[in-house]
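Hi,

Here is the model I promised to pass on.

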Amino acid sequence: MVVKINENYLKLKSSYLFVEVARREQEFIKNNPDANVIKMGIGDVTKPLVPAVVDAFRNAVDEMADGETFMGYGPEQGYGFLAEAIIKNDYEKYGISLDTSEVFISDGAKCDTGNIQEIFGIDNKIAVTDPVYTVYVDTNVMAGRTGEMGDDGMYEGLTYLKANAENGFIPELPEEPVDIIYLCFPNNPTGTTLTKDQLKVFVDYAKENKSIILFDSAYEAFISEDDVPHSIYEIEGAKEVAIEFRSFSKTAGFTGTRCAYTVVPKELKGYTADGEEVEINPLWNRRQTTKFNGASYPVQRAAEATYSEEGQKQIKEVIEYYMENAKIIRESLTDIGLEVYGGVSSPYIWVKTPNNMDSWDFFDILLNEANVIGTPGSGFGPSGEGYLRLTAFNTLENTIEAMDRISKLEF
């Protein structure tokens, strides 16, 4: 007898995108130790946790140091105090009512968007936008829902919904019925958004086809446009067809602190092979209680503090700081004649490579000649070829410096 591996992992033709970006970065720094490299590729934040969050974090740690207030295992679904704060601040102001049992606290939206597919049958037909956040694709490849990757960069068995400049970055509806649709808006990587009417098209499609939408709303806090929904549940009927993912990572600087949540409405239904209707909420609850022991108590107290009056004020200032960076990037690149998208209701800027240059070639030029790191668009799918993603999460000083360096390049 020999140990059998999950051969679906062998279908992944390249390393995780951001691992490859980091590898090239490290190789460059090794060969150029004196270079001042400005990182605008991986979407990690640079501003520290705001004071209100730090105070709550510290107080909770002090509680853990006292025998009378020490907290051991908490509820796997998350503490009620945080779920209540989430509902009150993130949903009620948009006229959305939720029960705390529909909100599941976790350690990251990336984890949740990858893990959620465990509760769905292996034979479900999956649709993703193209370009796409790679986790949606790779986790379904790992699970065995796809065939091999073709020469076109697409996996057999996946339905790709093009979202490019030609269609205004509005994903096209599937030509054939699909069961699960991954949507991310404001979009990673393109930084573009959908209006309520445009998102309603997908909700209506899901209702008509008994599909489920997995809606990644990790960048909701950056929305500044009036006609862009902050939650998919602003669309009538969405609770019947959608799961929503949110994160404190980019909103409140929790990339290293780790806290997020997933909303699974009780109205949401799936079906057995025999056609029996089943509630999705208890399935996700069972998955979490079986495989997850919950985000830590201090982290959840810190997340709760993001909703305090002082916390909201401080976090708003940080978001405005990053969006000023996005404006600088967008306007600077436009001024030198590059085609630029996003950066209005998103911290991501999607840049068309000059002269139809290959994405990785443009990446290498920026790294080697300007010492600026972006993320090649081709890593997000076939429709990402010919683009590069930049993030607004560096410092204002570095953002200005990076744009100055790029403006001096000749393409």
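At what angle do helix α1 and helix α11 pack, and how far apart are their axes? The angle is about 35° and the axes are 11 Å apart, with α1 covering residues 17–31 and α11 residues 359–370. Axes here are lines fitted to C-alpha atoms, for helices over the stretch in contact, and angles run from 0 to 180 degrees between N-to-C directions.

Before the rest, the ground rules. This is a predicted model, in which local features need pLDDT of at least 70 and side-chain atom pairs count only at pLDDT 80 or more, while totals for chains, interfaces and linings use all residues. Residues are numbered from 1 along each chain as its sequence is written, and side-chain values use heavy atoms, with hydrogens and water left out. Helices (H or I, at least four residues) and strands (E, at least two) are DSSP runs, numbered from the N terminus.

Back to the helix pair. On the α1 side the contact uses Leu17, Glu20, Val21, Arg24 and Phe28, and they meet Trp360, Phe363, Asp364, Leu367 and Asn368 of α11. Contact means heavy atoms within 4.5 Å. By type, the residues of this contact are six nonpolar, one polar and three charged.

Next, helix α8 (residues 281–291). Its buried residues are Asn281, Trp284, Arg287 and Gln288. They sit on the same side of α8, because they cover an arc of only 130° around the axis; the arc is that of the directions from the helix axis to the C-beta atoms. Buried means under 20% relative accessible area, exposed over 50%, and partly exposed in between (1.4 Å probe, protein chains only). Arg286 and Thr290 are exposed, on the face of α8 turned away from its buried side. The cover over the buried residues includes β2 (103–106), α4 (109–115), β8 (260–263) and β10 (277–279).

Now the cysteines. How many disulfides are there? The count is zero, a disulfide being a pair of cysteine sulfur atoms within 2.5 Å. For Cys111, the closest cysteine sulfur is in Cys259, 11 Å away and so too far for a bond. For Cys184, the closest one is in Cys111, at 15 Å, again too far for a bond. Cys111 is partly exposed at 28% relative accessible area, whereas Cys184 is buried at 2%.

A few buried spots may interest you too. Ser249 is in helix α7 (residues 249–252) and has a relative accessible area of 7%. Leaving aside neighbours within four places in sequence, Ser249 is in contact with Val45, Phe254, Thr255, Arg258 and Cys259. Phe254 lies in the loop between α7 and β8, with a relative accessible area of 0%. Not counting residues up to four places away in sequence, Phe254 touches Leu49, Val53, Phe248, Ser249, Cys259, Val299, Ala302, Ala303 and Thr306. Val241 is in the loop between β6 (212–216) and β7 (242–247) and is buried at 4% relative accessibility. Val241 and Ile180 are 61 residues apart in sequence, yet 9.7 Å apart in space, C-alpha to C-alpha.

Finally, some backbone details to check in your viewer. The peptide bond joining Asp130 and Pro131 is cis, with omega about 10°, and Pro131 is in the loop between β3 (126–130) and α5 (134–143). The bond from Phe185 to Pro186 is also cis, with omega near -10°; Pro186 is in the loop between β5 (180–184) and α6 (196–209). Phe169 has a positive phi, near 60°, and is buried at 4%. Asn356 has a positive phi as well, near 55°, but is exposed at 68% relative accessibility.

Cheers

Technical notes. Ala, Val, Leu, Ile, Met, Phe, Trp, Tyr, Cys and Pro count as nonpolar, Asp, Glu, Lys and Arg as charged, and the others, Gly among them, as polar.
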